[in-house]
Every structure is written in C-alpha cells, then in structure tokens.
Amino acid sequence: MKIAIVGTGYVGLPSGVGLASFGYDVVCVDKDETKVQMLQNGKLTLYEDGLGELFEKVTKDGKLKFTTSMKEGVQDADVVILAVGTPPHPETKEADMRYVYAAAEELAQYITGYTVIADKSTVPVGTGDMVESIIKKVNSQADFDVVSLPEFLREGYALYDFFNPDRVVVGANTKRAEDVLRKLYEPLANKTQMLFVKRKSAETIKYASNAFLAMKIHYINEMANFCEKAGADIDEVAKGMGLDKRIGNRFLNAGPGYGGSCFPKDTMAMALMAQKFGVDMTLIKRTIEGNKARKKDMAERILAMVNDIKDAKIGVLGLAFKDGTDDVRESPALEIVSHLLDKNANIVAFDYKATENARKVLGSKIEYAATPDKVFENTDVVAVLTEWSDFKKLDVADLGQKMCHKRLIDLRNLFDGDKLKQVGFIYKKIGI
C-alpha cells in the first residue's frame, strides 16, 4: 500500500514512522520547507522516546519519504491521512479548521484511483461531511471515501501507543472504506481491537475520551485539596481508588493541572460544540474553569514559600507539559512560571528536553540551567513542575547544601518528604 500523511507533527511523524515499519511506502507532506529539509537530511524535528532509531531505519530503507509537494505525496496513494493541526481559533476558541479544509481542497486535485481520505486530526462532529463536500466540489470525478480515524497517541509515548493501541477506532460509512482500513491495520490485528462505527460517532469518541480524562485529572486535584484540609494523603487515596477496576489507576496523579496540545483544546471544543447543539455540559465547563484557576493557585503556593525572603530566587524543575516530551503547548509549568514572572520573580529553570521550546515562549525572562543541579545553586526554593522520572534520581539532600534556604515544593509528588525533612528541608507536596 502507498500511504500519504499530510502533516509532520506529534501525530503525523510517529504515525508515518510506524506505518513505514510495516513495509508500506509512506510519504509525509508538509508545507514547512525548513522542516521537510531537516527530515530529508535525517534530522528529527520533535522528541519522542524511541522514535530516532526507527526513523533512521525506515528512511534508510526508503519506506518513509518527505516532500512539500501535495501532488507527489497523494498521487496514487491508497490512503491519505490528514494529520494537520486544529488549534483553538484565536477569537471563537472553537477548533480552527482552516488547515484541514485547505488540505482537503488541495489534495482533491491529485488523488487517482480509489482513495480513502482518513481524518486523523481531532475535528468537530460533521467535519467528515465537510471534507467530503470540498473534495467533490474540486474534483467531481474523484473515486474516494472519507473516514474518521481518531488518534490516541500520548505525547512522550506515541511510538509505544502506535504499536500497542488500546483500540483502533474507524468511522467509515461504506464497507469499501472499512476493508481498506482493515488491511492498513492488519499488522496490529492480533494486538488490539478494531472498532468500526459511524463517521460522526468516531469524531465524537476522541472528544468524549479526552474530556473524560481531563475531568478525571481535575477531580483528583480537587480531591487533593480536600485531603490537605482533612488530613488525608492523596497518594494513598488515589491508590485505593485505582484498585477499583471501574475507576482504574490511570490519570489519578494529583498535580498542577492538565495541559498539552489536546486536553485544553479538546475540552473547550467539546463545550462549544455542546453549546451549539443546545446541550449544557456542566462537568466539562467546570473542569475548564477549575483547571485554569489551579495554575494560579500553584504559583501562589510557590510564592508563599518565599514570602519572608526579599528578592528570592526560585528554581524550577521541568518546563514541558509532561514527562517524555519537548512540547510546552499549554504547559502547566510555563503558565505557573508566567504567573511568577507577573510577580517579578527571579527564576532559573531546567528541563531535559523542552528548554529550547520554552525559550521560544519565555525568551530571556528566566535563566536556563544546563543541568538540574544548577537549579539548586543559590536558590531559596525549588519547585517541581514536570514529572520527569530522572528528577527522582537527584540527590536532593546533598543538593540542598547549595541552596540559600532548603525549601522544596513538589507539585508532582516525586520525592520522599519525610527524608528531606529529616535533613532540614521545608517540604511541601500536593494533597497532604
């Protein structure tokens, strides 16, 4: 099979590498000439664990290629996967569909033979109908079907999730398109369940899933607030909850709130779609409001740790929105840092992968440490904002000797507070 993927971001590139590893001929199309040139030269344009080695193999084998030409990419393709961005519209906050619709209009000119257009971007319900209409208008003779193929790749674990999916959801309105998608995912047939549903149902599943997970995160954060007042330990409470199979233990880690390219955008889009259809989704709306407020509350907690120190210096561990990625879009860490900067805070920060992306947002407003231990030098408090597992390996007790004041606020609950208190730290965590 020949596969074309339009877009080389956090969905398109890992998907392209994964499909190429199955032996398919994959061409990734992107308008960004600089990005395409880097990829053609063998340089990855984003960080994903394990992606580099497989990327090198499939490009060397000639199974994965890159181009800025839509014609070169989609001509003779059996499947064209749309993986372009759908960011919030700057004014309405609804999903901005201009890139999806523009891609559909352009590719319509070049598809040959029967082609399945698979929308992998997270799109509002009814987008498949619009894409279908656009293609018919541009090329009335085209032989094609449009399907919804929602992605469920977690940033930082995208390659693992590609090869070990919980499920593959396909919204296909024809048996012909369904058969093509069965063939496409045949290499994973023994690993996962394929769910075939109506196209609009598939478009809804992605939003419904992300909104539910966002609510689960916000719930455990509210429960953490309760534990702090009632004298319970949120880690113990979450463990007890997670043992219930109806609840499960995932997304029960209390912290500074959710972020990234999906949850903030998708909860807002879901709420706006519901409003459009006259449905009042109070849980989602409250989750959005509460998650936004939580970032400011976390910043105030950090400031409270140094309110007795003039011109305090704050060390920050983590800038990415989560571990395993270099993505800082809607990062709780960056939002918290921004709140601190509004209070004229002096900040030095370290992240294993996201420093350069953070620098594009914050510029020279903060100091960027080359190593995590530099965050402790001459600082008054250190705040843990991203849950990188390597932070757990730091000898914080020893690094505390470099601090002006031994104070640590752990917004990811990574460290053993009792041990740190024994060596003179003032230690604060979430939910206790």
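## Helix α14 and its buried face

In this predicted model, helix α14 spans residues 355-362 and has T355, A358 and L362 as its buried residues; buried denotes under 20% relative accessible area, exposed over 50% and partly exposed in between, with a 1.4 Å probe and protein chains only. Viewed down the axis of α14, these residues fall within an arc of 60°, so they line one face of the helix. The arc is taken from the directions that run from the helix axis to the C-beta atoms. An α-helix has 3.6 residues a turn, so residues three or four places apart point the same way.

The buried residues of α14 pack against α13 (332-342) and β11 (367-368). After α14 comes G363, which has a positive phi, near 60°. Helices (H or I, at least four residues) and strands (E, at least two) are DSSP runs numbered from the N terminus.

## Packing of α9 with α11

Helix α9 (residues 199-230) packs with helix α11 (residues 263-276) at an angle of about 115°, their axes being 9 Å apart. Axes are lines fitted to C-alpha atoms, for helices over the stretch in contact, and angles between N-to-C directions run from 0 to 180 degrees. The two helices α9 and α11 are therefore roughly perpendicular to each other (under 35 degrees is roughly parallel, over 145 roughly antiparallel, 65 to 115 roughly perpendicular, the rest oblique).

From α9, the residues K206, Y207, A208, N210, A211, L213, A214 and I217 meet F263, D266, T267, A269, M270 and M273 of α11, contact meaning heavy atoms within 4.5 Å. The residues of this contact comprise 10 nonpolar, 2 polar and 2 charged; Ala, Val, Leu, Ile, Met, Phe, Trp, Tyr, Cys and Pro count as nonpolar, Asp, Glu, Lys and Arg as charged, and the others, Gly among them, as polar.

## Packing of α11 with α12

Helix α12 (residues 282-304) packs with α11 at an angle of about 140°, with the axes 9 Å apart. Helices α11 and α12 are therefore oblique to each other. The contact involves T267, M268, M270 and A271 of α11 together with I284, K285 and I288 of α12. Its residues divide into 5 nonpolar, 1 polar and 1 charged.

## R199 in α9

R199 lies in helix α9 and, at 5% relative accessibility, counts as buried. Leaving aside residues up to four places away in sequence, R199 touches G128, D129, E132, V146, V147, S148, G171, A172 and N173.

## Basis of the values

Residues are numbered from 1 along each chain as its sequence is written, and side-chain values use heavy atoms, with hydrogens and water left out. As the model is predicted, local features need pLDDT of at least 70 and side-chain atom pairs count only at pLDDT 80 or more, whereas totals for chains, interfaces and linings use all residues.
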